[in-house]
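Here are a few notes to read alongside the model. Take them one at a time and find each spot as you go.

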Amino acid sequence: MSYPEPRYGGAAGEVSATMRRADAPPELRIGPVGVSYLATGASTAGRFGLYRWDAGPRTAGAGPHFHRTMSESFFVLSGTARLFNGAEWVDASSGD
């Protein structure tokens, strides 16, 4: 038994890694915000998504919302992001 259940049953590993260079331009621009696709649902069979959002000071983001088909995680590289955790607004700083 394994948790979670295995997704790959081959005898050897498979080529599944991708590399995105730090100097690659963002795939999407939303006003002053650059969005880089690091791992999309399409590239992970819908299991995971990872996106890098580069925004300047006081750049507005999405309002409070939730997703029925995925979860979101945030890791702040620099600056501060104000996030709604479902009950209250919290400030996340570099390293949070």
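**Notes on the model**

1. Start with Ser 36, which touches Arg 20, Pro 26, Glu 27, Leu 50, Tyr 51 and Arg 52, leaving aside residues up to four places away in sequence; touching means heavy atoms within 4.5 Å. Ser 36 sits in strand 2 (residues 33-39), and strands here are DSSP runs of E, at least two residues, numbered from the N terminus. Ser 36 counts as buried because its relative accessibility is 5% (buried is under 20% relative accessible area, exposed over 50%, partly exposed in between, with a 1.4 Å probe and protein chains only).

2. Before going on: this is a predicted model, where local features need pLDDT of at least 70, side-chain atom pairs count only at pLDDT 80 or more, and totals for chains, interfaces and linings use all residues. Residues are numbered from 1 along each chain as its sequence is written, and side-chain values use heavy atoms, without hydrogens and water.

3. Now look at Arg 29, in strand 1 (residues 28-30). With 55% relative accessibility, Arg 29 counts as exposed.

4. Leu 28 has a relative accessible area of 32%, so it's partly exposed.

5. Finally, check Arg 58, in the loop between strand 3 (50-54) and strand 4 (80-84). Its phi is near 60°, a positive value in a residue other than glycine. Arg 58 is exposed, at 85% relative accessible area.

Note on methods. Helix = DSSP H or I, 4+ residues; strand = E, 2+ residues; numbered from the N terminus.
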